[in-house]
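Hello,

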Amino acid sequence: MPAKTDEKTAEVRLQAFLAHCGVASRRACEKIILDGRVSVNGAVVTELGTKVKPADTVCVDGAKVSLEENKRYILLNKPAGVVCSLSDEKGRRCAADILKEKYTERLYNVGRLDMFSTGLIIFTNDGDFAATLSHPSAEIEKEYIVDTSLPLPRSLAQDFMKGVRIDGVFYKCKQARELNSHRLSVTLIEGKNREIRRVFESREIGIKRLVRVRIGNINMDGLAPGEFRELSEREVKGLLSLCRTNDI
């Protein structure tokens, strides 16, 4: 498992403390602090360099948070129509809600899938793990299967691997393989917002189904939409070993 800070005795940066409490990844916790949503011993804190001790009372949105003893690493096959956020102002079902039937810890998603896409997404309450996997330098492979309504343009796979520029944004996949006339396998290591959909839309090709089938060393392995399981220690270590750098 990832190396742990001595959470019970050490004075740590506030964003790291929040991450160890399972609030969100360290990067996301920084924004929560800057937004003025965090208080320490009754005083709102917006300085990222603030350090706290285990005895301090830390609250997010008025609710006290505490260090979580059990680190969770959950793999979910996200169904369509579910959003990747901890709450949704439009009242849509959130992927995290699926896990609440079994887990009481505050679990948050590592990365995202858009509402209409399905497939693998990892949830955790380990801020160090989430930050390592989410860092741009990690270059963890994510493989998708794309089914289309129209036949694929013959040059699409090669063009995507070479890179295409759409509305000033450059999109480039690591690998693209045509599986049949209506199905493409795409592997990304960066994953800009709606990257695959934007590339297909630029060619006026409608997507019938977009499924993430692999994250690094983790495959679907028969996990049905809406089902989830815990990652093994070996799988967690395997994911971390695939990260190109842990310098975060």
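A residue is called buried here when its relative accessible area is under 20%, and exposed when that value is over 50%. By that cut-off, 48% of the 248 residues of the protein chain count as buried. Please keep in mind that this is a predicted model.

Now for the overall picture. The protein chain holds 7 helices and 17 strands. Its C-alpha atoms fill a box of roughly 60 × 40 × 40 Å along the principal axes. The radius of gyration is 20 Å, which agrees with the value near 18 Å that a compact globule of 248 residues would have. Among contacts with a separation of 6 or more, 66% join residues 24 or more positions apart.

Four strands form an open sheet in the order S3-S2-S5-S6, with antiparallel pairing. Strands S3 (43-44) and S6 (63-64) stand at the edges with a single partner strand each, so one side of each has no neighbour in the sheet. For S3, that partner can be followed down to residues: S2 (residues 38-40) runs antiparallel to S3 and is joined to it by 2 bridges. Serine 39 has valine 44 in S3 as its bridge partner.

How values were computed: Residues numbered from 1 in each chain as written. Predicted model: local features only at pLDDT ≥ 70, side-chain atom pairs only at ≥ 80, totals over all residues. Heavy atoms only, no water. Rg over C-alpha atoms; globule rule 2.2 N^0.38 Å. Buried < 20%, exposed > 50% of the residue type's maximum accessible area, 1.4 Å probe, protein only. Contact = heavy atoms within 4.5 Å. Pairing = 2+ DSSP bridges.
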